[in-house]
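Welcome, and thanks for opening your viewer.

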Amino acid sequence: MTDTPTRRSFPSAARVKKLPSWSVLAAGALAGTLLGGAYGLLTPATYTATSYLVAVPTSKSTPEAARGFAQAYGRVATQLAVLGDAQVWAGVPVRTLQDKVRTATSPDAPMVAVSATSTRPALAVDMANAVSRALTQHADHSKGSTQVRLVQFSRAVKPSSPTSASTTVTTLVGASAGGLLGGLALLARPRRNRREDDGSAPVPSVPGPAPAADVHGQR
């Protein structure tokens with residue numbers, strides 16, 4: 001006597017099509033929640049420290065010139081000539097400074113903001129202050145021709161909280177993105193026939209009566 005192997009019954013395509021519309025939204029939101037939460041848990045927190053420099057004109061220069069040179073110093077702060085000196089004080093390679101240091105300037109004020117990001121707050125402070133120090137020295141070497149000095153306005157301090165998104169934020173963003181993708185999937189799928197949704201067979205059409213023959217014509 002042979003045993004007949006049991007077959008596993010998988011849901012057919014028709015059953016999948018009959019799932020309610022809200023199930024697609026729920027599945028997308030659930031998947032997005034899991035992915036967003038996992039990203040927030042697995043990604044280490046990052047900290048940002050910022051140092052501020054101000055361009056000061058000499059007696060032979062003007063405030064407008066100081067603002068213009070502040071814009072120029074903000075662009076050259078991440079160049080190799082400046083970062084080559086900053087790596088000695090920061091204790092990190094130039095490549096790290098190029099990836100983790102950013103500058104920002106304002107057209108209304110002659111200031112340069114040097115920001116460094118790292119998973120260690122103390123290292124972020126060291127990188128920001130090191131780049132600011134190197135940039136100040138480069139500005140001092142050329143102040144004879146520019147007539148503008150670059151002075152450190154505020155040193156970078158150790159950040160007390162991370163600047164990266166928390167796990168709660170990434171989870172909410174993931175849930176929103178998953179729900180949005182689920183809604184787009186509902187809009188993109190083909191619409192089903194109402195009779196197919198009700199499970200009723202299509203009713204065959206009955207042909208109309210044939211037109212009566214012309215009696216006079218047949219005679």
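Two strands count as paired here if DSSP finds at least two bridges between them. Keep in mind that this is a predicted model.

Start by selecting strand β1, residues 47-57, together with strand β4, residues 148-154. Six bridges join these two strands, which run antiparallel.

Thr48 stands opposite Thr117 in β3, and Leu53 has Val112 of β3 as its bridge partner.

Now bring in the whole sheet. Four strands make up an open sheet with antiparallel pairing, in the order β2-β3-β1-β4. The edges are β2 (101-105) and β4; each has a single partner strand, so one side of each is left without a neighbour in the sheet. On average, neighbouring strands are turned by 25 degrees against each other, direction ignored.

Then show helix α3, which packs on this sheet and touches β1, β2, β3 and β4. The direction of α3 makes about 70 degrees with that of β4.

For the last stop, select Ser61, in the loop between β1 and α3 (63-76). Is Ser61 buried or exposed? Ser61 counts as buried because its relative accessibility is 16%, and the cut-off for buried is under 20%. Leaving aside neighbours within four places in sequence, Ser61 is in contact with Thr146, Gln147 and Val148.

Technical notes. Residues numbered from 1 in each chain as written. Predicted model: local features only at pLDDT ≥ 70, side-chain atom pairs only at ≥ 80, totals over all residues. Heavy atoms only, no water. Buried < 20%, exposed > 50% of the residue type's maximum accessible area, 1.4 Å probe, protein only. Contact = heavy atoms within 4.5 Å. Axes fitted to C-alpha atoms, helices over the stretch in contact; angles between N-to-C directions.
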